[in-house]
Amino acid sequence: MAKRRRFTPQFKAEVVIEALMGPGSQAELCRKHNISQEQLSKWKHQLIDNAATLFESNDKSSNDSKQQIAQLEQLVGRLTIALDIQKKASTWLN
């Protein structure tokens, strides 16, 4: 059984941009990179379908990151308090 090749997103983007802007034909490009024309067409459609997301604001991801940081800071605070309590308890028991 033939092993499936995996292409990085970087490679896919480079090939599609070359196909859209390059002087050569799609067939030449496919031979050059040893991919099928159907695969290149699929990648082109993926780029076109997802192009609008390139211009969306990254507010959602930054808000998610801020939320996660706040939760982690709370956890650090609780763990610090718990550690202080254990240190005091161990000095009283000794």
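Author: Let's start with Asn-34, which sits in the loop between α2 and α3. Keep in mind as we go that this is a predicted model. The phi angle of Asn-34 is near 55°, a positive value in a residue that is not glycine. Is Asn-34 buried or exposed? Asn-34 has a relative accessibility of 54%, and the cut-off for exposed is over 50%, so Asn-34 counts as exposed.

The other loop to visit is the one between α1 and α2, where you will find Pro-23. Pro-23 is exposed too, with a relative accessible area of 91%. If you follow the chain on from Pro-23 to Leu-54, you pass along 31 residues of sequence, and the two C-alpha atoms are 25 Å apart in space.

The largest nonpolar core has eight residues, namely Val-15, Val-16, Ala-19, Leu-29, Cys-30, Ile-35, Leu-40 and Trp-43. Helices α1, α2 (26-33) and α3 each supply at least two residues of this core. Which helix gives the most to the core? That is α1, with three residues.

Leaving aside residues up to four places away in sequence, Trp-43 touches Phe-7, Phe-11, Lys-12, Val-15, Val-16 and Ile-35. Val-15, Val-16 and Ile-35 in that list are also members of the core.

The two phenylalanines lead us to the rings. The count of aromatic pairs comes to three. One of them joins Phe-7 and Phe-11, a stacked pair with 5.2 Å from centre to centre and 15° between the planes. Phe-7 is partly exposed, at 25% relative accessibility, and Phe-11 is partly exposed as well, with a relative accessible area of 22%. How do the rings of Phe-11 and Trp-43 meet, and at what angle? Their centres are 6.2 Å apart and their planes stand at 90°, so this pair is edge-to-face. Phe-11 belongs to helix α1 and Trp-43 to helix α3 (residues 37-50), so the pair ties together parts that are 32 residues apart in sequence. Taken together, Phe-7, Phe-11 and Trp-43 form one aromatic cluster.

Side chains of opposite charge can pair when their charged atoms come close. Here the count comes to one salt bridge, in which the side chains of Glu-18 and Lys-32 meet at 2.8 Å, N to O. Glu-18 is partly exposed, with a relative accessible area of 30%, whereas Lys-32 is exposed at 56%.

Not counting residues up to four places away in sequence, Glu-18 touches Leu-29, Lys-32 and His-33. Leu-29 is one of the core residues. For a sense of distance along the rest of the chain, Glu-18 and Thr-80 are 62 residues apart in sequence, and their C-alpha atoms are separated by 54 Å.

Let's finish on the outside. Ile-17, Leu-20, Met-21 and Leu-47 form a nonpolar patch on the surface, with about 420 Å² of accessible area together. Helix α1 (residues 9-21) gives the most to this patch, with three residues. Leu-20, found in helix α1, is exposed, with a relative accessible area of 53%.

Technical notes. Residues are numbered from 1 along each chain as its sequence is written. This is a predicted model: local features need pLDDT of at least 70, side-chain atom pairs count only at pLDDT 80 or more; totals for chains, interfaces and linings use all residues. Side-chain values use heavy atoms; hydrogens and water are left out. Patches are made of residues with over 30% relative accessible area and no salt bridge: like charges are joined within 9 Å, nonpolar side chains (Val, Leu, Ile, Met, Phe, Trp, Tyr) within 5 Å. Accessible areas come from the Shrake-Rupley method with a 1.4 Å probe; for residues, only the protein chains shown count as cover. A salt bridge is a side-chain nitrogen of Lys or Arg within 4 Å of a carboxyl oxygen of Asp or Glu. Helices (H or I, at least four residues) and strands (E, at least two) are DSSP runs, numbered from the N terminus. Buried means under 20% relative accessible area, exposed over 50%, partly exposed in between (1.4 Å probe, protein chains only). Rings of Phe, Tyr and Trp (its six-membered ring) pair if their centres lie within 6.5 Å; planes under 30 degrees apart count as stacked, over 60 as edge-to-face and the rest as tilted. A nonpolar core is a set of buried Ala, Val, Leu, Ile, Met, Phe, Trp, Tyr and Cys residues joined through side-chain atoms within 4.5 Å. Contact means heavy atoms within 4.5 Å.
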